[in-house]
Amino acid sequence: MCEEGKQTIEHILLFCPPAQATWRASMFNYTPSPNDFQSLSDWWLKIKQLLQNSGANTAMSWIAWTCWGIWKARNEWMLEGRDEDPVNIWNNALKGYHNFMENMLPPKASAIKLI
Ligand SMILES: [Zn+2]
């Protein structure tokens, strides 16, 4: 992580060098730019609009998981001194998404409810 004085949420999730490296390592191959940036919610809505127009609704979940992965990696760095590779942050975000989605599936018809 960096020694930037002001740790705003947009700095941590988008503009901090490890966050930028994670976005570049992701399937989005994206470098968030502070130019024309207004707020995290504004950024979120713009990205959502852009992705909806291209029909990629699942990608919004991946973006949320990527933000979560960056946040988690930052906390691990701060609390445990662990420095995670940006490629691993992205892979873990994708893994988290897939695990979540698998657990959201309804039970199979043959499943027995125990409680
Ligand atoms: Zn930083």
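The model described here is predicted, and its protein chain comes to 5 helices and 0 strands. Of the 115 residues of the chain, 16% count as buried.

**Overall fold**
- Read along the sequence, the elements of the protein chain follow the pattern α-α-α-α-α, and the C-alpha trace spans about 55 × 40 × 25 Å along its principal axes.
- When contacts in the protein chain between residues at least 6 apart in sequence are considered, 52% of them join residues that are at least 24 apart.

**Nonpolar core**
- The largest nonpolar core has 13 residues, and those with the most contacts inside it are Leu13, Ala19, Cys67, Ile70, Ile89 and Ala93.
- Two or more residues are given to this core by each of helix H1 (9–15), helix H2 (17–25), helix H4 (58–80) and helix H5 (86–104), with H4 giving the most, at 5 residues.
- Leaving aside residues up to four places away in sequence, isoleucine 70 touches Leu13, Ala19, Thr22 and Ile89.
- In soluble globular proteins, nonpolar side chains tend to be buried together.

- Asparagine 29 has its place in the loop between H2 and helix H3 (40–53).
- From C-alpha to C-alpha, asparagine 29 and proline 18 are 14 Å apart in space, while in sequence they are 11 residues apart.

Notes. Residues numbered from 1 in each chain as written. Predicted model: local features only at pLDDT ≥ 70, side-chain atom pairs only at ≥ 80, totals over all residues. Helix = DSSP H or I, 4+ residues; strand = E, 2+ residues; numbered from the N terminus. Buried ≥ 20, exposed ≤ 12 C-beta atoms within 10 Å, placed from the backbone. Contact = placed C-beta atoms within 7 Å. Core = buried A, V, L, I, M, F, W, Y, C linked by C-beta atoms within 7 Å.
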